[in-house]
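Biologist: Could you walk me through this one? I have not looked at it before.

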Amino acid sequence: MAAPYIQEEHEIFRESLRKFLEKEAYPNYEQWEEDGIIPREFWRKMGEQGFLCPDIEEKYGGSGVDWGFAVVINEELERVGSGLVGIGLHNDIVVPYITAYGTEEQKKRWLPKCTTGETITAIAMTEPGAGSDLAGIKTTAKLEGDHYIVNGEKTFITNGIHSDLIIVACKTDPNAEPRHKGVSLLAIERDTPGFSRGRKLKKVGLHCQDTAELIFEDCKVPKENLIGEEGKGFLYLMEKLQQERLVVAIAAQVAAEEMLKLTLEYVKNRQAFGKQISRFQNTQFKIAEMATDIEMGRAFLDNLIAEHMEGKDVVTKVSMAKWKLTDNARRIAAGCMQLHGGYGYMEEYEIARRFRDIPVASIYAGTNEIMKSIIAKNMGL
C-alpha cells in the first residue's frame with residue numbers, strides 16, 4: 001500500500017530522479033568511494049534538475065512543494081549508497097535553519113544558490129570534547145563592534161570539505177546558567193578570515209562522504225550572520241533535530257530494504273550441497289525475520305512522516321524511529337552478510353559496503369542511547 005503522503009506527482013518525481021541517478025550516480029559511485037569525495041559537479045547537476053531543496057519557496061529558487069518530495073529524494077539517494085547522506089543534510093537539515101529562523105536578507109542572499117548546488121551547506125555542532133551534550137560546547141563567539149570573533153574547533157562535520165556556508169553552534173555567553181542559554185547559531189562562509197579546514201577524516205564507512213575538522217582562530221564573522229536570536233541556538237537545534245533524526249530513520253529503513261533485496265537475489269542463485277541456499281530452513285527463517293522487521297518498520301515510518309508533515313508533535317515517535325530503525329539496519333546488515341558467506345566479505349559485493357556504512361547511523365544525530373533517554377523522559381520516567 002502506498003504511503004499516505006505519496007501522491008501521483010511524487011511518483012512522477014521519483015521516476016525522474018531515478019532516471020537521473022541511473023545516469024549520473026550509479027555508474028560513478030564506486031569511483032567516488034575510491035576518491036573519497038563526491039564531485040561538486042554532481043551537486044550542480046542535482047540543482048539543475050530541481051533535486052536540491054525543492055520545498056523552498058519559489059521566490060528563493062525552490063519549487064515550493066511539500067516535504068514528501070524530500071522524502072523521495074532521501075529514499076532514492078540511499079538506494080544508490082549511504083555516502084550520499086550529505087545531500088539530505090543540505091536539503092533537510094541545514095537549509096531549514098535559514099528558512100525557519102533567517103532574516104529576509106539572509107534568505108535572499110543564501111537560499112537561491114543552495115537550490116542550484118553552487119552553495120553547499122554544513123552544520124557544525126560536534127566538537128572534540130562535546131558530542132551529544134550540545135550545551136557543553138566550547139567554541140566561543142564574542143561580539144566586538146560589528147563582528148563576532150569566533151574561536152574553537154569542530155569535528156565529524158558532514159560536507160566539511162565542500163561546504164561554502166556552515167551553521168556553527170557557538171557560545172555567545174560562556175557563563176550562562178543554565179548552560180544551553182548561552183548557545184547561538186552563526187552562519188560562517190567559506191572565505192571568512194580566521195576560518196580553516198583541518199583534516200579530511202578517514203572513516204570505517206561512508207567513504208565518498210566528505211567529513212572534516214573545522215578550525216576557527218579569531219574568525220571574524222559579521223553580526224548580520226547571526227541566525228535567529230542570540231542565546232536561542234540550543235532551542236533552534238532541538239526543534240530542527242527532529243527532522244534530522246527522521247531523515248536518518250528514512251535512510252536506515254531504505255538501507256535495510258536494499259540489503260534484503262540484495263540478499264534475496266543472492267540466496268536464490270547461490271548453491272550449496274546440491275540446492276539453492278534459499279531452500280535451507282535456516283535461510284528461510286532468517287529472511288522471514290528480517291522481512292518482518294522491515295515491513296513493520298516501514299509501516300511505522302510512513303505514518304510518522306505523515307504526522308510530521310501535518311505538523312504534529314512527533315518528538316517521542318521520531319526518537320523511537322531513529323533508534324529502532326538504525327538498530328534494525330545494523331542487525332540486518334550482519335544477517336545479510338552472513339547469508340552471503342565468504343563473498344559477503346568481499347568489496348566487490350555491495351553488502352560489504354552496506355555493512356560498513358550503516359553502523360554510524362546509530363551514533364550521529366544523537367546516539368541511540370540519547371534517543372532512549374528522550375523516550376523515557378517523555379513517558380514520565
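This is a predicted model: local features need pLDDT of at least 70, side-chain atom pairs count only at pLDDT 80 or more; totals for chains, interfaces and linings use all residues.

Biologist: Which residues of helix 10 are buried?

Modeller: The buried ones are Ile-351, Ala-352, Arg-353, Arg-354, Arg-356 and Asp-357.

Biologist: And what do the buried residues of helix 10 pack against?

Modeller: They pack against helix 2 (29-35), helix 4 (68-80), helix 7 (233-269) and helix 9.

Biologist: OK, which residue forms a salt bridge with Glu-350?

Modeller: That is Arg-353, and the closest N and O atoms of the two are 3.8 Å apart. Glu-350 and Arg-353 are three residues apart in helix 10, so about one helical turn separates them.

Biologist: How many salt bridges does the count come to?

Modeller: The count comes to 31 salt bridges, where a pair qualifies if a side-chain nitrogen of Lys or Arg lies within 4 Å of a carboxyl oxygen of Asp or Glu.

Biologist: What about Asp-293, which side chain does it meet in a salt bridge?

Modeller: The side chain of Asp-293 meets that of Arg-331, at 3.5 Å from N to O. Asp-293 lies in helix 8 (residues 281-309) and Arg-331 in helix 9, so this pair ties together parts that are 38 residues apart in sequence. Asp-293 is partly exposed, with a relative accessible area of 26%, and Arg-331 also counts as partly exposed, at 39%.

Biologist: And where do Arg-44 and Glu-41 lie?

Modeller: Both lie in helix 3 (residues 40-48), three residues apart, which is about one turn of the helix. Arg-44 forms a salt bridge with Glu-41, and their closest N and O atoms are 3.1 Å apart. Arg-44 counts as partly exposed at 32% relative accessibility, as does Glu-41 at 36%.

Biologist: Switching topic, which residues make the nonpolar surface patch of about 350 Å²?

Modeller: Tyr-343, Tyr-345 and Met-346 make that patch. Tyr-343 has its place in the loop between helix 9 (315-340) and helix 10 (350-357).

Biologist: Why can Tyr-343 be called partly exposed?

Modeller: Tyr-343 is called partly exposed because its relative accessible area is 38%, and that term covers values between 20% and 50%.

Note on methods. Residues are numbered from 1 along each chain as its sequence is written. Side-chain values use heavy atoms; hydrogens and water are left out. Patches are made of residues with over 30% relative accessible area and no salt bridge: like charges are joined within 9 Å, nonpolar side chains (Val, Leu, Ile, Met, Phe, Trp, Tyr) within 5 Å. Accessible areas come from the Shrake-Rupley method with a 1.4 Å probe; for residues, only the protein chains shown count as cover. Helices (H or I, at least four residues) and strands (E, at least two) are DSSP runs, numbered from the N terminus. Buried means under 20% relative accessible area, exposed over 50%, partly exposed in between (1.4 Å probe, protein chains only). Contact means heavy atoms within 4.5 Å.
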